[in-house]
Amino acid sequence: MAEPQTGRDELATQAAQAAADVSEAEHDRDRRRMAGLSTRAARRRITAVRHGAGSGTNWLAGQVTAMAPRLRVRDQAALRRQFPGRSADEIADALIEKAAHASGAAGGAAGVWATLPVVPAWPAEVVAETLIVVGIEIKLIAELHEAYGRPAPGNVAERMSAYVAGWANRSGVFMIPGGLALASGSPLARQLRRRLAARVGRSTFSLAPLLTGAALGAYFNSHETRRLGRAVRRDLGRWR
């Protein structure tokens, strides 16, 4: 059964909104509250739209590419208004830290709400956390490029496809070899699926019992998001 386009669009919009809201929150308590609400809402939507549509990395990659153009990305002018008087490096550091806290909040929320005694294959909790955290990280990559005045070329869809490529390759978008196409079967599409499979594997830590899962999910998410942001920041610093 083919996945209804309306359901896919609604899930993509919901995940993009959640990623932006959690990453832009100013306080940890607000991040945790938003992450909890978003994870529960996304879990319900995922259960509805995934029925009969498969649950592997091809499906998840499709959700990510549908989500990316819907992410709320602040341009360089907006970032300078939000961080007045700061250099590009200082803005980048602030963005990385906020994104790391946001992805940690998403992992903690999934851990709190996942109470299953056995981890089944691809539970909705894992998919919800994965989409929100990947959204936070793609948004971070896009805003790091804006902070350094090096946005990807093209329209919104083209730029966000480039940032999905950057996420898959853990680098700035200008270091992607062989173009930015995400066509099925392309080397980049395969890399995206591999990266998502690894991301799902880390998300399963959140399904450990209650607060243990929350702590593990928060730790691994924050660590990986911070490492990704610093890698992209180094790339952009070398190109200045």
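Helices (H or I, at least four residues) and strands (E, at least two) are DSSP runs, numbered from the N terminus. Asn169, for example, is found in helix H7. The structure is a predicted model, in which local features need a pLDDT of at least 70, side-chain atom pairs count only at pLDDT 80 or more, and totals for chains, interfaces and linings use all residues. Residues are numbered from 1 along each chain as its sequence is written, and side-chain values use heavy atoms, with hydrogens and water left out.

The protein has nine helices and zero strands. Along the sequence, the pattern reads α-α-α-α-α-α-α-α-α. Confidence is given by pLDDT, the predictor's score for each residue, from 0 to 100. The protein averages 77, and 66% of the residues score at least 70. Confidence is highest in helix H4 (residues 76-82), at a mean of 96. Confidence is lowest in helix H2 (residues 28-49), at a mean of 57. Over residues 111-121 the pLDDT is below 50. Beyond near neighbours in sequence, this stretch has 20 contacts in the model, where contact means heavy atoms within 4.5 Å.

Of the 240 residues in the protein, 51% are buried. The accessible surface comes to about 10,500 Å². Carbon and sulfur atoms account for 55% of that surface. These areas come from the Shrake-Rupley method with a 1.4 Å probe, and for residues only the protein chains shown count as cover. Contacts also reach across the sequence. Among contacts with a separation of 6 or more, 79% join residues 24 or more positions apart.

Helix H3 (57-67) is largely enclosed by the rest of the structure, because eight of its eleven residues are buried. The buried residues are Trp59, Leu60, Ala61, Gly62, Gln63, Val64, Ala66 and Met67. Ala66 has a relative accessible area of 9%. The C-alpha atoms of Ala66 and Met160 are separated by 10.0 Å, although the two residues are 94 places apart along the chain.

Ala68 counts as buried because its relative accessible area is 1%. Not counting residues up to four places away in sequence, Ala68 touches Met160 and Val164. Ala68 and Ala15 are 53 residues apart in sequence. Their C-alpha atoms are 9.4 Å apart in space.

Leu79 lies in helix H4. Its relative accessible area is 1%, so Leu79 is buried. With residues up to four places away in sequence left out, Leu79 touches Arg74, Ile91, Leu95, Glu143, Glu146 and Ala147. Leu79 and Ile91 are twelve residues apart in sequence, and 7.6 Å separates their C-alpha atoms.

A cavity is a set of points where a 1.4 Å probe fits but cannot get out, and lining residues have an atom within 4 Å of a point. Grid points are joined across faces, edges and corners, and a volume is the space filled by probe spheres set on the points. By this rule, the count comes to one cavity of 30 Å³ or more. The largest cavity holds about 70 Å³ of space. Its lining is made up of Ser23, Arg74, Leu95, Lys98, Ala99, Ile136, Lys139, Leu140 and Glu143. Helix H5 (88-113) and helix H6 (124-147) are the elements that give two or more residues to this lining. H6 gives the most, with four residues. By class, the lining has four nonpolar, one polar and four charged residues. Here Ala, Val, Leu, Ile, Met, Phe, Trp, Tyr, Cys and Pro count as nonpolar, Asp, Glu, Lys and Arg as charged, and the others, Gly among them, as polar.

Asn169 counts as partly exposed because its relative accessibility is 28%. Asn169 and Gln191 are 22 residues apart in sequence, with their C-alpha atoms 7.3 Å apart in space. Arg170 is found in the loop between helix H7 (156-169) and helix H8 (187-203). Phi of Arg170 is near 55°, a positive value in a residue other than glycine. Most residues other than glycine have a negative phi.

Methods:
Buried means under 20% relative accessible area, exposed over 50%, partly exposed in between (1.4 Å probe, protein chains only). On a 1 Å grid over the protein atoms alone, a cavity is a set of points where a 1.4 Å probe fits but cannot get out, and a pocket is an open set with protein on both sides within 12 Å along at least five of seven lines; lining residues have an atom within 4 Å of a point.
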